[in-house]
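Please examine the sequence and the structure shown here before reading on.

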Amino acid sequence: PLVLGIETSCDETGVGIVRGTTLLADALASSVDLHARFGGVVPEVASRAHLEAMVPTMQRALDEAGVTLADVDAIAVTSGPGLAGALLVGVAAAKGYAVAAEKPVYGVNHLAAHVAVDTLEHGPLPEPAIALLVSGGHSSLLLVDDLAGGVTPLGSTIDDAAGEAFDKVARLLGMPFPGGPPIDRAARDGQATIAFPRGLTAAKDQAAHRFDFSFSGLKTAVARWVEARERAGEPVPVNDVAASFQDAVCDVLTAKAIDACRQHGVDTLVIGGGVAANSRLRALAEERAAKVGITVRVPRPKLCTDNGAMVAALGSHLVAAGVRPSRLDLPADSAMPLTLVSV
Ligand code: ATP
Ligand code: MG
Ligand code: FE
């Protein structure tokens with residue numbers, strides 16, 4: 001099917017167009033620069049930016065794909081989770097386009113879309129698979145039995161998300177927002193010589209928190225370490241701190257993801273969400289999985305962070321699986337649960 005996807009859950013206005021699992025267009029307008037000086041996304045500013053970017057981004061995607069709205073089989077849109085006002089812009093636009101062009105509309109889960117986007121890179125996802133979802137607002141391990149029907153959460157962060165930890169640590173190291181990319185770059189010139197804590201990996205955590213994550217203690221440990229250096233009047237080896245922090249995060253993420261695969265007898269691990277763009281995470285996952293015969297699927301970095309193509313990819317999968325469209329009064333649901341793939 002030819003499916004158009006609209007994404008507006010955070011600070012990225014995205015419109016993607018796919019045919020089956022083939023990517024035809026991925027138009028993106030970001031308001032990230034408007035938020036940078038606040039150190040985080042400002043909801044009101046994001047909503048207004050979506051409003052301004054929606055129609056031109058739509059036009060760019062259609063031009064890029066060389067199709068018109070009349071050609072598409074369905075429109076998919078992020079229904080949630082995300083910022084309420086930001087989601088509303090995309091949902092309202094999708095309804096408008098759906099009514100005008102007489103197309104079915106699918107309200108989809110942004111997090112499931114972060115997993116589905118990999119189909120554009122590597123084709124249909126073998127099921128069952130384990131998904132490691134690591135983004136700015138979420139960090140979860142999921143058992144994916146049926147991407148169209150539902151996913152089973154195995155565990156998630158009990159405090160900060162992985163991306164949030166990158167953003168907070170970057171801030172305390174004086175790096176710009178979002179912090180993932182600058183930490184990734186700095187770490188390449190550093191050595192992971194500082195032993196930072198690995199949250200929820202102690203033997204006592206195996207029972208209740210085997211597949212859960214915790215990054216807030218790590219963030220605090222980094223802050224303490226940097227403060228101690230500054231108090232002693234010694235220079236902070238920023239690149240080494242970045243590399244050591246990044247290693248601590250990636251060590252835990254990959255170890256738990258592979259443990260989940262083995263416990264469930266699954267040989268496919270798919271990684272999605274903005275943090276999946278991290279070069280160390282990609283390399284370490286690949287290295288550790290290869291040793292135990294697990295195949296890692298992770299899309300190219302541009303598809304890991306928010307975009308419209310991921311929404312189109314999930315929409316296309318739903319259409320192909322025969323899932324029925326959403327009602328025209330579909331909601332923008334800022335707290336949409338992970339277990340609900342579409343509404
Ligand atoms: P959610 O998907 O949970 O609603 P979001 O949509 O805001 O949150 P994404 O766009 O999926 O999040 O991811 C953004 C996050 O990814 C940011 O926290 C950013 O720092 C992080 N990130 C991006 N690139 C990298 C990288 N190379 N290394 C580590 N983190 C990265
Ligand atoms: Mg973003
Ligand atoms: Fe996201």
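The structure is a predicted model.

In an unreviewed UniProt entry, residues 23–312 carry the annotation "domain: Gcp-like". Within this span, 50% is helix and 17% is strand.

The next topic is the ligand. Around ligand 1 there are 24 residues, of which G136, G137, G163, G180 and G274 come nearest. Three helices each contribute at least two residues to this shell: α4 (110–116), α6 (162–172) and α7 (180–188). When the shell around ligand 1 is sorted by class, 15 residues are polar, six are nonpolar and three are charged.

The last topic is a pair of helices. Two packed helices are described by the angle between their axes and by the distance between those axes. For helix α9 (residues 216–231) and helix α10 (residues 238–263), the angle is about 160° and the axes are 11 Å apart. Why are α9 and α10 described as roughly antiparallel? An angle over 145 degrees counts as roughly antiparallel, and the angle between these two helices is about 160°; α9 and α10 are therefore roughly antiparallel to each other. The crossing of α9 past α10 is right-handed.

Which residues of the two helices meet? From α9, L218, V222 and V226 meet V241, F245 and A248 of α10. By class, this contact between α9 and α10 comprises six nonpolar residues, with no polar and no charged ones.

Key: Residues are numbered from 1 along each chain as its sequence is written. Chains are lettered from A and ligands numbered from 1 in the order in which they are written. This is a predicted model: local features need pLDDT of at least 70, side-chain atom pairs count only at pLDDT 80 or more; totals for chains, interfaces and linings use all residues. A residue is near a molecule or strand if its C-beta atom, placed from the backbone, lies within 6 Å of it. Helices (H or I, at least four residues) and strands (E, at least two) are DSSP runs, numbered from the N terminus. Ala, Val, Leu, Ile, Met, Phe, Trp, Tyr, Cys and Pro count as nonpolar, Asp, Glu, Lys and Arg as charged, and the others, Gly among them, as polar. UniProt positions are given in the numbering used here, feature names are shortened, and annotations may be inferred rather than shown by experiment. Axes are lines fitted to C-alpha atoms, for helices over the stretch in contact, and angles run from 0 to 180 degrees between N-to-C directions. Angles under 35 degrees count as roughly parallel, over 145 as roughly antiparallel, 65 to 115 as roughly perpendicular and the rest as oblique. A crossing is left-handed if the near helix is turned anticlockwise from the far one by less than a right angle, and right-handed if clockwise. Two residues are in contact if their C-beta atoms, placed from the backbone, lie within 7 Å.
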